[in-house]
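Work through these exercises with the structure open. Try each task before you read its solution.

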Amino acid sequence: MSDDSQDRPPEEPREPFVEPDNTELCSFCGRSIELTRVMVKGKDVAICDVCVAGAAQIIKRAMAQKRTALGRRIPKPSRIFEKLSEYVVGQDDAKKRISVAVYNHYKRITAQTLADDVEIEKSNILMIGPTGTGKTLIAQTLAGFLDVPFAIADATTLTEAGYVGEDVENVLVRLYHAADGDVAQAEIGIIYIDEIDKVARRDQSTSITRDVSGEGVQQALLKILEGTIANIPPEGGRKHPEQKLLSLDTKNILFICGGAFEGIDRIVQSRIGKKGMGFGAEVRGRRKMGYYELISAVEPEDLLRYGLIPELIGRLPVITPLDRLSREAMKSVLLEPKNALTKQYIKLFEMENARLTFENAALEKMVDRAMERDTGARALRSIMEKVMTDLMYDLPDMKNVEEIVISPGVVSGDEEPKIIHSKPERKSA
């Protein structure tokens with residue numbers, strides 16, 4: 001047998017198999033890298049500058065549609081006022097100012113879809129008033145009524161980045177979670193920052209050392225109040241270099257800040273008193289003005305003297321005073337709002353097939369005690385809970401209860417509630 005291997009032509013060397021480079025072609029439009037100006041490459045995928053620009057336009061149109069839809073469902077100021085009045089007793093002037101500010105804020109958002117050379121500034125709100133006057137309740141009611149995400153933070157727990165405590169930007173994380181992870185919804189939400197007065201600088205001199213919980217927090221709040229692209233960790237906590245961050249635009253978020261600003265009435269009185277000196281001066285400068293009259297006259301220079309920095313004052317253009325609740329208003333809080341304490345407990349007792357009755361004198365007694373504590377409507381809740389806790393504990397085990405009556409003696413702790421039992425039905429012979 002002859003060997004033919006010597007007669008065969010030698011085989012050409014084979015090229016080694018190489019996986020195709022998917023990042024040389026745009027994964028969206030298929031353009032090659034030679035036909036583009038920029039190719040953004042990821043793992044096994046790429047996108048060209050043309051598709052990036054197109055995607056940006058799609059996002060812009062989608063956001064514009066959402067803003068337009070928001071504008072169609074924003075109620076008029078009069079309707080916002082009515083809704084606030086269902087939950088907040090009194091404070092008519094504050095509710096009117098806030099209704100107008102909120103309406104203008106969301107109209108401003110929808111106006112951004114229109115070509116216009118007029119730029120409408122944000123209407124962030126500063127509420128000034130004693131504790132228990134409804135500041136937090138106003139913000140919560142607004143968010144629920146407008147159906148936008150809502151987050152609340154206490155300014156005293158915040159610190160500037162890099163210090164032990166809660167970063168200011170974590171407030172945005174809460175809003176993101178309240179929006180169920182929908183960035184577009186979070187970017188038109190409402191954030192309420194309580195006790196903003198507690199981070200006021202207490203002296204006029206500039207300290208060389210860092211002010212972790214005071215002026216530093218005010219400085220950290222500036223950018224997000226005015227409008228910035230904030231990079232936040234989706235799960236919250238401190239940022240670290242390898243962490244995935246989420247971008248959130250704050251320019252359309254409505255910020256409402258609230259605080260008691262204890263003592264600011266004396267600052268206003270001092271300013272007005274100085275202006276009231278001399279011939280031809282206003283008479284009101286020489287007399288003792290009431291608390292609400294004084295805080296209604298608060299001006300930026302008074303907030304500056306109190307300890308807020310000028311930049312923060314400028315980002316809170318709508319200053320809204322809230323008055324102390326009168327005795328009549330405190331009683332109305334117990335009876336009138338949709339979430340009135342008496343209505344809540346009456347409903348709970350109905351669920352146990354029992355009728356709850358409050359004697360008028362008992363309600364008066366609760367109001368008297370609340371007025372003594374001077375903490376507004378918050379005092380009413382603690383007094384009511386103290387009166388009702390034992391009853392709510394025992395009620396599920398009671399049999400044949402028809403009615404329970406709360407008298408003034410029950411409120412003072414001198415008597416037991418009057419319990420009226422229903423007559424047992426007679427068995428037929």
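**Exercise 1.** How many bridges join strand S4 (residues 150–154) to S7, and in which sense do the two strands run?

Solution. This is a predicted model. Start with the count: 5 bridges link S4 and S7. Then take the direction: the two strands run parallel. Finish with a pair of residues: Asp 154 stands opposite Asp 194 in S7.

**Exercise 2.** Find how S7 pairs with strand S10 (residues 254–259).

Solution. S7 and S10 pair over 4 bridges, in the parallel sense. Within that pairing, Tyr 192 has Ile 256 in S10 as its bridge partner.

**Exercise 3.** Is Ile 191 buried or exposed?

Solution. Locate the residue: Ile 191 lies in strand S7 (residues 190–194). Its relative accessible area is 0%. The cut-off for buried is under 20%, so Ile 191 is buried. Now list the contacts beyond four places in sequence: they include Ala 151, Val 171, Leu 172 and Leu 175, as well as Ile 253, Leu 254, Phe 255 and Ile 256.

**Exercise 4.** Compare the faces of S7 and of strand S12 (residues 355–358).

Solution. In a regular strand, side chains alternate between the two faces of the sheet. Apply this to S7: Ile 190, Tyr 192 and Asp 194 are on one side, and Ile 191 and Ile 193 are on the other. Both of these faces are covered. In S7, 5 of the 5 residues are buried, so the strand is largely enclosed by the rest of the structure. Turn to S12: Leu 356 and Phe 358 form a covered face, while Arg 355 and Thr 357 form an uncovered one. S12 runs parallel to strand S13 (residues 401–406), joined by 4 bridges. There, Arg 355 stands opposite Glu 403.

**Exercise 5.** Why are H12 and H13 described as roughly parallel?

Solution. Take the axes of helix H12 (residues 327–335) and helix H13 (residues 341–350): they cross at roughly 25 degrees and come within 4 Å. Angles under 35 degrees count as roughly parallel, so H12 and H13 are roughly parallel to each other. At the contact, Val 333, Leu 334 and Leu 335 of H12 meet Leu 341, Thr 342 and Lys 343 of H13. By type, these contact residues are 4 nonpolar, 1 polar and 1 charged.

**Exercise 6.** Where is confidence lowest and where is it highest?

Solution. Begin with the chain: its mean pLDDT is 82, and 79% of its residues reach 70 or more. Confidence is lowest in helix H1 (residues 49–73), at a mean of 69, and highest in strand S3 (residues 125–128), at 95.

Definitions and conventions. Residues numbered from 1 in each chain as written. Predicted model: local features only at pLDDT ≥ 70, side-chain atom pairs only at ≥ 80, totals over all residues. Heavy atoms only, no water. Buried < 20%, exposed > 50% of the residue type's maximum accessible area, 1.4 Å probe, protein only. Pairing = 2+ DSSP bridges. pLDDT = per-residue confidence, 0-100. Axes fitted to C-alpha atoms, helices over the stretch in contact; angles between N-to-C directions. Parallel < 35°, antiparallel > 145°, perpendicular 65-115°, else oblique. Contact = heavy atoms within 4.5 Å. Nonpolar A, V, L, I, M, F, W, Y, C, P; charged D, E, K, R; others polar.
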